[in-house]
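Keep the terms defined as they come up.

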Amino acid sequence: MAPPDLLASVPDAVCHLDRNWRFTWVNAATERLLQRPAARLLGRTVQRCIPDVAGTAFEASLRQVLDDGEPRVFEYLHAPADRWFEVRVSADATGLVVFLRDVDTRHREQAATVHELQQLAAVLDALPSPTILLDGSGRIRSVNRCWTDNAEHVRALGWQAADVGDDYLARIAQGLAPDDLARIAGGLAELRAAPAGGPTRTFACDYSHQFAGGTSWWRLQAARVDDTKDVVVSHTDITERVRHQERLAWQASHDDLTGLPNRARLLELIEEALGGDDSRTALLFLDLDGFKTVNDSLGHEVGDELLRQVGARLAGQVRPGDAVGRLGGDQFVVLARSCDTAEAASLAFRLQRSFARPFTAAGLSVPVSASIGVAVAQAGVRHAHQLLSDADAAGYAAKAAGRDRVHLFSPGLRDAARWRMDVANRLRDGALDELVVHYQPVVRLDTGEVEGVEALLRWQHPERGLLGPDAFLSVAEETGQLIPITRWLLHETTRQAAEWARQGLALRMAVNISARHFSAETLVRDVRSALRDSGLAPEQLMLELTETCVAEDPTRAEDQLAVLRGFGVRVAIDDFGTGWSSLAQLMALPIGTLKIDRSLIAAAERLAAGGTGAVLGAIVELAHTLGIKSVAEGVETAEHLRMVREAGCDSAQGYLLARPMAAVDVERWAHRVEDGGGDSCALALAGRLG
C-alpha cells in the first residue's frame, strides 16, 4: 500500500482495514464521506461505523477479496449520503486497501441514458415496421421486436441478419441498386451532420430490393433522436402499394379490352418516335368496316372478342419495335418507326390482306375488313397530334372511297379535315338557323300533275354560300347532330306542306330519314310531334329511306315503319338500285313507293338496245305486282323521260322537269305545270321555265 502521507491529499476516499474489518488508516476524504474524524474510526470495525453495509454486496465483495486475494471493482450506493461510488478493493499482507471514488453524477447519467434507451426500445417495439436505432457512426444500437420476430422474412428480402454493433449500410447493401444505396447513405449522413435544432431532422426515400423471390419496394424513414447523433430508421413494406400504382399507371396508358396502348400512350410513343434521330415515322389509322353491324347482330360480347382478336392479329403483323394501339371503338393505330412512304404503304396492304382470313368469335366465322389511312411524318413535323390527325384524315378518305381501302395522306386531306372540324363546330354551336330547304317537284307521268315534292336540305354558309347535303351531313352523322337536324327538317317541311295546303296546293312532302334515327328509336315520336305541331295530315307525309339504311337494321326499321304506316304516313325506298337489299326485305317492309335511282336509269339506257326500256319495265312491273308505286329519279333528258314513261313509271323527278327550288317558287312552278298539261313536251317545257 502507498504510504499514508502520499494518500492524504487524494480526493478519493482511501482507507485500510485489518483482517478483522477494523480501520487502521483513513485519509481526509474518508473522514468527510463518513462524517467522522479519524479518532472515531481507527480501531473500530466497518460494521460498527457503517451499520448499513451489513449483508450488502459491499460486505460480500470485501469478504471475497479477503478469501481469495483477488481485487474487486464494483459500484456501491452509500445510503447515508445517497451517492454512488466506484469501489476498488485489493488485499495486502495485513488486510484490505479500499478506494471509493464518487461516481454519482456519472452513474445517474448512465442510468438515465439506460432508462431512455429502455423507453425508446419500448417505443420501437410498438412500431409495426422493422425499425432499428443507429449510433453516430451508423452502427446498429438496437432493433425492435418486429425486426427480430421477422428475421427470416428480413433475410428473404436479401438483408443480412443484423446484430447490435453491425454496420447498417453494409447489412442492407445486398440487393439494393447502387443509386438507392448512395441516396440512403447520403441522407443519413446529412441527417447526422445537421446542426442541433436545424431544419433537417428527418429523411425519407423509397427504394426497391431485389431478392430471390422477385422485387420488393420499401419506404425508409429516418429521424434523429433529440440532439444526439442517434438515428431511428424504420422500413415500411410498400410493395403492394407500388404494384397497385403500377397497375393504375398501366391501366391509364392501356386499353382495358385489348391490352394495347391507348390514345394517351400512343401519343407519347409517337412523340418519342418523332423526337428521335430518325424522322421517318409512319402512322397507320385503321377503322373496321361494318363493326356496328357485328355488335348489333351478334351482341357486344362477340364484338369485344372480335376487337381483342383484331388487336392480336395486328400486333402479330408488325415489325419488332413498332407499336399497335387502340384509339377506342373500332379504331386502331399502328406506329411504324424508320418507315418511308413506300414501306408504310406496303405495311398497310399487308395488314389489309391479313383481314382476308375471317375471325372466329363465339363459334362463328365473322368476316372483317378495314379502311386504312397512311401518314408519314414530313420534315419539321414534331407533334404527335398532327401526325395522328393526318392519318385520321387519310383513314376518313379510305372509308369514303368505299371501305376496305388504303389511302395515303396528302395535304388536301388536311384541308378537308379542317373543313369537317369547322362543320362540326358550327353544327354544334347552332347552325340550324343557317339551314334552308329546297324542294324538287315530283310529277305524275300519266296526267302531268304535280303530286308532291322532295325536301332537299341546304346550308346557307355565311362564308361559302349555299352548300349541298354532301358537304355537311356525313359530319353531322359522325358528331351526333344528324338526328336534331332531321327533327328540325320534319318540323319545317310539315309546316310548309300544311301552309301550301291551306293555300289550296295539296303536295305530298317527302323527307329523307337516316339509319341513325332507327337506332335512336325516336323516329315515331319525332314524326308524330311534327305532324301535331303543323296540323299536316299524315297521308301528306312520305318518309324516304335508302336500301342501305334499311339493311343496317331491318328488324328495327320494320317495327318503327309499321307504326308510322299504321297512322297514315307513307314510306318510300329511295335510290333503289344502289344498295344491296333483298327482295324479301323489301316485301317485309310497309313501303308504298319505290324510287328508282338515276344510275339504274342510265344503266338501263345503255342496255336497252334501241331504247326499249325492257330492264326498267321489268323493275316497274315487279313493283306494281307488289302493290308499290314507282318514281323515276334523275330524269335529265328527253330520252330519259321517254324511257320511264314507256316502262310504266308512275311519277318522275329530275332536272328536265324541275330543279330544286325555294319554297316561294314552288307554287308558281306548280301552276305552270298544270297549265301545260300532261304530255312530255309540256312537262319538259315546264321544267325549263322552272
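**A pocket and its lining**

The second largest pocket has 24 lining residues, and Glu451, Arg508, Thr593, Lys629 and Ser651 lie nearest its centre. Elements that give two or more residues to this lining are β18 (435-444), β19 (450-461), β21 (508-512), β22 (541-546), β24 (593-596) and β25 (629-632). The most comes from β19, with three residues. Helices (H or I, at least four residues) and strands (E, at least two) are DSSP runs, numbered from the N terminus. The volume of the second largest pocket is about 360 Å³.

Some terms belong here. The search runs on a 1 Å grid over the protein atoms alone. A pocket is an open set of points with protein on both sides within 12 Å along at least five of seven lines, while a cavity is a set of points where a 1.4 Å probe fits but cannot get out. Lining residues have an atom within 4 Å of a point. Points are joined across faces, edges and corners, and a volume is the space filled by probe spheres set on the points.

By residue class, the lining of the second largest pocket divides into eight nonpolar, six polar and ten charged. Ala, Val, Leu, Ile, Met, Phe, Trp, Tyr, Cys and Pro count as nonpolar; Asp, Glu, Lys and Arg count as charged; the others, Gly among them, count as polar.

**The model as a whole**

This is a predicted model, in which local features need pLDDT of at least 70 and side-chain atom pairs count only at pLDDT 80 or more, while totals for chains, interfaces and linings use all residues. Residues are numbered from 1 along each chain as its sequence is written, and side-chain values use heavy atoms, with hydrogens and water left out.

The mean pLDDT of the chain (the predictor's confidence in each residue, from 0 to 100) is 83, and 87% of the residues reach 70 or more. Residues 678-682 fall below 50, and this stretch has ten contacts in the model beyond near neighbours in sequence. Residues 685-690 are also below 50, again with ten contacts beyond near neighbours. Contact means heavy atoms within 4.5 Å. Where pLDDT is low, the predicted coordinates should not be read in detail.

The chain has 28 helices and 26 strands. Of its 690 residues, 46% are buried. Buried means under 20% relative accessible area, exposed over 50%, and partly exposed in between (1.4 Å probe, protein chains only). Take the contacts between residues at least 6 apart in sequence: 59% of them join residues at least 24 apart.

**The cavities**

The structure holds two cavities of 30 Å³ or more. The largest cavity has a volume of about 130 Å³. It is lined by 15 residues, with Phe23, Leu34, Ile50, Phe58 and Leu100 nearest its centre. Two or more lining residues come from each of β1 (13-18), α2 (28-34), α4 (57-68), β3 (72-78) and β5 (95-102). The largest share, three residues, is from α2. The lining of the largest cavity has 13 nonpolar residues, two polar and no charged.

**Along helix α18**

Which residues does His491 touch, beyond those up to four places away in sequence? They are Ser529, Ala530 and Asp533. His491 lies in helix α18 (residues 482-502). His491 counts as partly exposed because its relative accessible area is 27%. Val527 is 36 residues away from His491 in sequence, yet the C-alpha to C-alpha separation is 8.3 Å.

Ala497 lies in helix α18 as well. Ala497 is buried, because its relative accessible area is 2%. Ala497 touches Leu507, Met509 and Leu536, leaving out residues up to four places away in sequence. Ala497 and Ala537 are 40 residues apart in sequence and 9.5 Å apart in space, C-alpha to C-alpha.

**Positive phi, and cysteines**

Most residues other than glycine have a negative phi, and most peptide bonds are trans. Trp21 has a positive phi, near 75°. Trp21 sits in the loop between β1 and β2 (23-26) and is buried, at 9% relative accessible area. Asp404 also has a positive phi, near 55°. Its place is the loop between α15 (384-400) and β17 (406-408). Asp404 is partly exposed, at 36% relative accessibility.

Last, the cysteines. A disulfide is a pair of cysteine sulfur atoms within 2.5 Å. By this rule the count is zero. Cys49 is buried at 8% relative accessible area, and Cys649 is buried at 7%.
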